[in-house]
Amino acid sequence: MKYFVACAMVATLAVTAAFAQETQAAPTYTWEARPDGYTFARNYPQRAVDEGVQGAAVVCCTVRSDRTLNCTSPLEWPAGYGFGESSIAASREFRMSESSYAEIRSDPNHVIRRTVRWVLPPGAVDLPAEFTERARTVCNGPAVPVS
């Protein structure tokens with residue numbers, strides 16, 4: 001149980017920080033709702049927990065009219081552990097504030113791209129340079145249709 005709580009706390013800090021500010025140039029969004037540490041702990045891929053694997057995934061999200069996110073994950077590291085699906089699952093609990101939504105709704109191609117890092121206590125792993133480089137451009141292109 002202590003491990004689960006510690007994992008939740010670390011995941012909250014790591015993922016919230018990564019989702020909120022990936023680069024200096026990223027727009028700042030305000031959120032009416034966001035996932036908590038338990039959401040990330042529940043969604044941490046079980047195989048990765050069992051094997052002590054940390055990872056990351058890029059999510060590309062559009063904002064629905066109800067201000068929730070519609071995300072895909074075109075890139076995850078390491079492959080095969082489910083970090084992409086876990087990132088999508090956790091992102092379902094984000095709900096953008098009305099003011100942030102008002103700022104972006106005029107652009108139907110607006111895509112929010114963030115790297116979600118999945119970290120187990122007691123520390124983090126460095127992402128490979130290849131992943132970091134691909135993460136910068138993976139969401140470029142046509143917007144994902146909003147359902």
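**The disulfides and their surroundings**

Reply: Cysteine 61 and cysteine 71 form a disulfide, with their sulfur atoms 2.0 Å apart; a disulfide here is a pair of cysteine sulfur atoms within 2.5 Å. This is a predicted model, in which local features need pLDDT of at least 70 and side-chain atom pairs count only at pLDDT 80 or more, while totals for chains, interfaces and linings use all residues. Residues are numbered from 1 along each chain as its sequence is written, and side-chain values use heavy atoms, with hydrogens and water left out.

The torsion about the S-S bond of cysteine 61 and cysteine 71 is about 105 degrees, so this disulfide is right-handed. The pair links distant parts of the chain, 10 residues apart, with cysteine 61 in strand S2 and cysteine 71 in strand S3. Helices (H or I, at least four residues) and strands (E, at least two) are DSSP runs, numbered from the N terminus. Cysteine 61 is buried at a relative accessible area of 1%, and cysteine 71 counts as buried at 10%. Buried means under 20% relative accessible area, exposed over 50%, and partly exposed in between (1.4 Å probe, protein chains only).

Cysteine 61 also has a bridge partner in S5, isoleucine 112. S2 and S5 pair in the antiparallel sense over seven bridges; two strands pair if DSSP finds at least two bridges between them. Five of the seven residues of S5 are buried, leaving this strand mostly covered.

The structure holds two disulfides. The other joins cysteine 60 and cysteine 139, whose sulfur atoms are 1.8 Å apart. With -85 degrees about the S-S bond, this link is left-handed. Cysteine 60 lies in strand S2 and cysteine 139 in the segment after helix H6 (129-135), so the pair ties together parts that are 79 residues apart in sequence. Cysteine 60 and cysteine 139 are both buried. In sequence order, the bonded cysteines of the chain pair as 1-4, 2-3.

The nonpolar cores complete the picture. The largest has 23 residues, and Val63, Ile112 and Trp118 are among those with the most contacts inside it. A nonpolar core is a set of buried Ala, Val, Leu, Ile, Met, Phe, Trp, Tyr and Cys residues joined through side-chain atoms within 4.5 Å. Strands S2 (55-63), S3 (69-77) and S5 (112-118) are among the elements that each supply at least two residues of this core. Its largest share, four residues, comes from S2. A second, separate core of seven residues includes Cys60 and Cys139, together with Leu75 and Phe131.
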